[in-house]
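Here is a short note for a colleague who is new to this entry. Please read it with the structure open.

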Amino acid sequence: MAGALRRVPVLAFGAFATGMDAYVMAGLLGAIGHDLGVSVSRAGQCVTVFTVCYALSAPVLSAVLARLPGRPVLVAALSVFTLANAGSALADSYPLLLACRAVAGAGAGLFGPNAATAAAALVPAAQRGRALSLVLGGMSGGTVLGVPLGLLLAEGRGWRAALWLVTAVGAAACVAVAALLPRAHGGATPTLRARLTQLARARVALVIGTTFFQTVASLGLYTYLQPVLHAVAGIDRPTVPLWIWGIGGVCGSLLAGTFADRVRTPAPLSAALLASLGITLAVLPWAGAATGLVLLPLLLWGAVGWAFVVPQQHRLIADDAPGGAAVALNSSATYLGGSVGSALGGLALAAGAGARWLPAGAAAIALAGLLPHFLAQRSAESDPSDRSSTPTKGTSHEDRCESPELRP
């Protein structure tokens, strides 16, 4: 396993493709609406259907396909994802585009949690945080390139060119995973019911609930970053701020893995990142007072927002059920949180709230997430059999991670 960490970037490349697809559509809605003859709000349902299908497919498809070896599942997921993006680029009607976005979301949802589980199984326990952060870094890297590049391509060659780029990246990632990932052997297979019973475990449900609060705040607000920047700093072209946010995300997700491996107890890191997110969003409305100052909270927001996912996955994966049930549910919570946050932001704007104050509401939601976080820690302390941060006596960290084993 000494050189196993070198194989994780293959999974990160696939995450790069799914991350690009998840966020590139946000910059294309106007062009899509104009081309297909629908309103921007209807075009926005392309984002909603992708995220909802991602959230639902993560636990459901992972359960249905859990008996299959890990590598074929990952290849199949990327194949579906790539074909659906090609269909999106070719779609000549709004219903067809919606259908293709739904299938692309399902493929991405199957790939995401399985890639995280595979990355953790590839490496020794001491390197697990870094492996998870590499996969997450791939996804945030897709965001760094995806949204700004999508805007540039849409201006020059139309919105379909951006989706053809996602298609090409997805195809290359599919070939790389098929050729370079070690042979995978699946473990015991839980039913969908067994996966959902993970939510009956108080600590697991509270950890996933904390993720939900964080993504409602972070990804929900990101949907409305353009009107927020205009209201706060008078910025009409958000390309540079989007790059800054994404660069912070890449740095944060990569550094979080190193910290998680060093501290070995990721819960305090999750709390610190969540509190930092709340504070950063709270000061954002006042950051436009000086030229360029708004870029600093954007950088910090991207860093702590993306870094948060690493210790959360680390907390869940140590005593997860076979097949990564809790990790899949956590991934679902991430995308459901983003969808709910987008809906809440839209309702607030429709009700007459100024875009300038959306960050304050998001900050309150992020800080509210500290409550389930601390309740999860209290649950772990009161019930030692239901904790992941500290291995039980006589049981190694590797033994308690029952994800499929990947072997060269």
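**Aromatic pairs and a surface patch**

1. Phe213 is partly exposed, with a relative accessible area of 30%. Keep in mind that this is a predicted model. Phe212 is also partly exposed, at 28% relative accessible area.

2. A search of the whole structure gives six aromatic pairs. Phe212 and Phe213 form an edge-to-face pair. Their centres are 6.5 Å apart, and the angle between the planes is 85°.

3. Next come Trp245 and Trp301. Their ring centres lie 6.0 Å apart with the planes at 80°, so this pair is edge-to-face. Trp245 sits in helix H12 and Trp301 in helix H14, so the pair ties together parts that are 56 residues apart in sequence.

4. Are these two tryptophans, Trp245 and Trp301, buried or exposed? Trp245 has 1% relative accessibility and counts as buried, because the cut-off for buried is under 20%. Trp301, at 0%, counts as buried too.

5. Ring pairs also build a cluster. Its members are Tyr222, Trp245, Trp301 and Trp306.

6. Arg356 lies over the face of Trp357, 5.3 Å from the ring centre.

7. Now the surface. Ile247, Leu293, Leu296, Leu299 and Leu300 make a nonpolar patch of about 400 Å². Which helix gives the patch its largest share? Helix H14, residues 295–307, supplies three residues.

8. Ile247 belongs to helix H12, which covers residues 239–263. Ile247 is partly exposed, with a relative accessible area of 38%. Trp245, in helix H12 as well, is buried.

Methods: Residues numbered from 1 in each chain as written. Predicted model: local features only at pLDDT ≥ 70, side-chain atom pairs only at ≥ 80, totals over all residues. Heavy atoms only, no water. Patch = residues over 30% accessible without salt bridge, like charges linked within 9 Å, V, L, I, M, F, W, Y side chains within 5 Å. Areas by Shrake-Rupley, 256 points an atom, 1.4 Å probe, with all protein chains shown as cover. Salt bridge = Lys/Arg side-chain N within 4 Å of Asp/Glu carboxyl O. Helix = DSSP H or I, 4+ residues; strand = E, 2+ residues; numbered from the N terminus. Buried < 20%, exposed > 50% of the residue type's maximum accessible area, 1.4 Å probe, protein only. Phe/Tyr/Trp six-rings, centres within 6.5 Å; stacked < 30°, edge-to-face > 60°. Lys NZ or Arg CZ within 6 Å of the ring centre and 35° of its normal.
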